[in-house]
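Hi,

Here is the structure I promised to pass along. Please have a look at it first, and then read my notes below.

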Amino acid sequence: MHVVLLLLLLCLPYSLHAQGAATLVADRVVLTEDEQLIATGNVEVLYDGSRLTASEIVFDRESDRLQIVGPIIVQAADGTVFTADRATLDPRLENGILQGARIVLEQQLQVASNQIDRRDGRYSQLYKTTATSCRVCGTQAPLWEIRAEQVIHDSEERQLYFRNATLRVRGIPVLWLPRMRLPDPSLDRANGLLIPEQRNTTQLGFGIKLPYFITLGDHRDLTLTPYVSPETTTLELRYRQAFANGNLTVEGAISDDTLLPEARSYLFAEGRFDLANAYQLNFDIETASDPAYLLDYGYSDKDRLDSALQLLRVTDAALFNARLTNYESLRDEENDASLPPIIADLSYETRYEPTFGGVLRYGASLDAAYRYSTTDGDAGRDVGRMGATGAWSDSWVLPYGFVADTQTAFRADVYFVSDDDAFDDADLRLAPSIGATLRWPLGRVGTAGATHLLEPVVSLSWAETYGGTPPNEDSLRTELDRANLFALSRYAGDDRIETGLQTAAGLTWTRLGPRGVNSVLSFGRVFRQEEQDGFTRTSGLDGRNSDWLLAGQFTAPGGFLFDTRSLWNGLQDLTVIDSRIAWQNDRVSLGANYVWLGPDPAEDRFETSSEWTVDAGFVINESWAIDVDARYDLAEDRPVRAGATLQWRNECVTVDVSASRRFTSSTTVEPTTTFGISGSIGSFSTGRATGCGN
């Protein structure tokens, strides 16, 4: 029978320094004549957040010591777990000796020792020690371990100090260090070296990255990464800071290599801050010393860099956006001076529901495009626009299930143009528009339980512009799709508006299967009274009538997806097709994209473009996984890029081996093959099913 005894002995005069009383639970408790308390059988001691279990405890009043017989488990207040065969401790479990002992830290790192000396409840000094986060299976050596003559664990600083340490892999010594410090696994951030990374490229050769992490208080840190190879000496950096209302991240590098005679560098920075009254400040900075630097070092595959400063406010009824952007082109055929490199825009829009019904929207906007060049024409033209707009819309459900939507809008814009004699210096444009859409959703439930929805849609709209025709800066790339088929204007920006009378007709069929097999099929076309300027051939919107839009989607349980969109200028004249097919479950992820674009000189594409992009991931078993990706240019009959990553992991180690090849080349970029090896130390006892026999 369990006996519960309150150890009031700790509060007696000879031990007034004790902070409180301990609780002892045991099957049998005996108090001897020489004032020894002997507890045996399922012994448990609770004191000040610590817990000890053992088979026998002897408390000697005169020496104020606990003699403990194992197996012993001590769970300290800070979460550290000690196990031992025998121990001599004070009643507060803060000082003493544990023999045949082991410490388990955060269930991630176990440190075994012949003997552990506990001091002041803070320090644990271990002798002839083995530390590992790997599962230890009998006499088999773990995948990795650190053996040391002495280890001191500081539970307050949460650091482990090793003396005369040897790193072993499967029992084979690979590295010896006279002194070494490692952070306690419970410590989230600490100064020190991170896991090295190996990178080998055809341009830079075999290289090693050695990241060093530096804490700068509780909310800031800096990572410096020297990258050294026979062809380059590079220093990479990453700075992060968390604020009460936002965050800041800065990444960059500076290189001295054999590829170019001058120093090379890049800098990326981004920040986001929440301000008063629901305002948000966002910014990002992107710059590189030369067009090839980011690709040569694998930092980014962007070919246009944008640096922006934005002030944003979004509420249920209003949108405010102020943004200034600077573009830097890395493309061989583009010139920053005529991109345009600087774009500024300011806009405000609000909405409310008037008493007569519907939704009323109105707003104002300012934007500008500035080029460094002063050449007359497109290469040097600067444009500013100031505009205001108002729109009203409403919808009704009519008899027989018809749904009617209507919208009317009016906008006024003033344009200011310089460095282009083809346009007036200042011009006013007025643009009224009105449109209505009629839908007739028809539904039925089949005998097998599937729901079918057939929805014919037709829209009729009119718009006109009065005044001058401004230069087209923001409506150069537009495509017909399901989202804009029934829009009043399908131009991407404000500089162009579709004018005249036009109608759009379409039909959508949706099937919702009882077992989760769903499909959607849509087609439609736009018919206009007059041709529109500014649409390219492959936009599907050039000419009086648009191309036929045909789009569909099919999804099924188990992660299967097929999505496609195509534009047809007649039954046999395909303009555009882009499709994706994917399948994903717990072990397999497969995806493929196909894009076909016909020739379009207005988009600087003089030949047909046709490409496959494939991405796949396979979890072979609980230890092995592989990811592959590839991009192939069918029109040129050549690969663009390919890559593969092989990962092996167990409960304590993750290793990634990668290989990639970029086949494209230009006047500034050469084809490159890259190999890399990286790894990380995982957690101990992570709950994975891999056993000692695997």
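Strand 13 gives six residues to the lining of the second largest pocket, the most of any element. Please keep in mind that this is a predicted model.

The space in that second largest pocket comes to about 1,700 Å³. It is lined by 43 residues, and the closest to the centre are Leu 182, Leu 193, Leu 194, Ile 195 and Ile 681. Besides strand 13 (172-183), the elements that give two or more residues to this lining include strand 11 (144-154), strand 12 (159-169), strand 14 (192-193) and strand 17 (212-215). Strand 19 (232-243), strand 42 (653-662) and strand 43 (672-681) also give two or more residues each. Sorted by class, the lining has 27 nonpolar residues, ten polar ones and six charged ones.

Now for the cysteines. How many disulfides does the model have? The count comes to one, and it joins Cys 134 to Cys 652, with an S to S distance of 2.0 Å. The pair links distant parts of the chain, 518 residues apart. Cys 134 sits in the loop between strand 10 (123-132) and strand 11, while Cys 652 sits in the loop between strand 41 (638-649) and strand 42. Strands 11 and 42 are also among the elements that line the second largest pocket.

Which hand does this disulfide have? The torsion about the S-S bond of Cys 134 and Cys 652 is about 80°, so the disulfide is right-handed. Both Cys 134 and Cys 652 are buried.

Best wishes

Note on methods: Residues numbered from 1 in each chain as written. Predicted model: local features only at pLDDT ≥ 70, side-chain atom pairs only at ≥ 80, totals over all residues. Heavy atoms only, no water. 1 Å grid on protein atoms, 1.4 Å probe; cavity = no way out; pocket = protein on both sides within 12 Å on 5 of 7 lines; lining within 4 Å. Points joined across faces, edges and corners; volume = space filled by probe spheres on them. Helix = DSSP H or I, 4+ residues; strand = E, 2+ residues; numbered from the N terminus. Nonpolar A, V, L, I, M, F, W, Y, C, P; charged D, E, K, R; others polar. Disulfide = S-S within 2.5 Å. Buried < 20%, exposed > 50% of the residue type's maximum accessible area, 1.4 Å probe, protein only.
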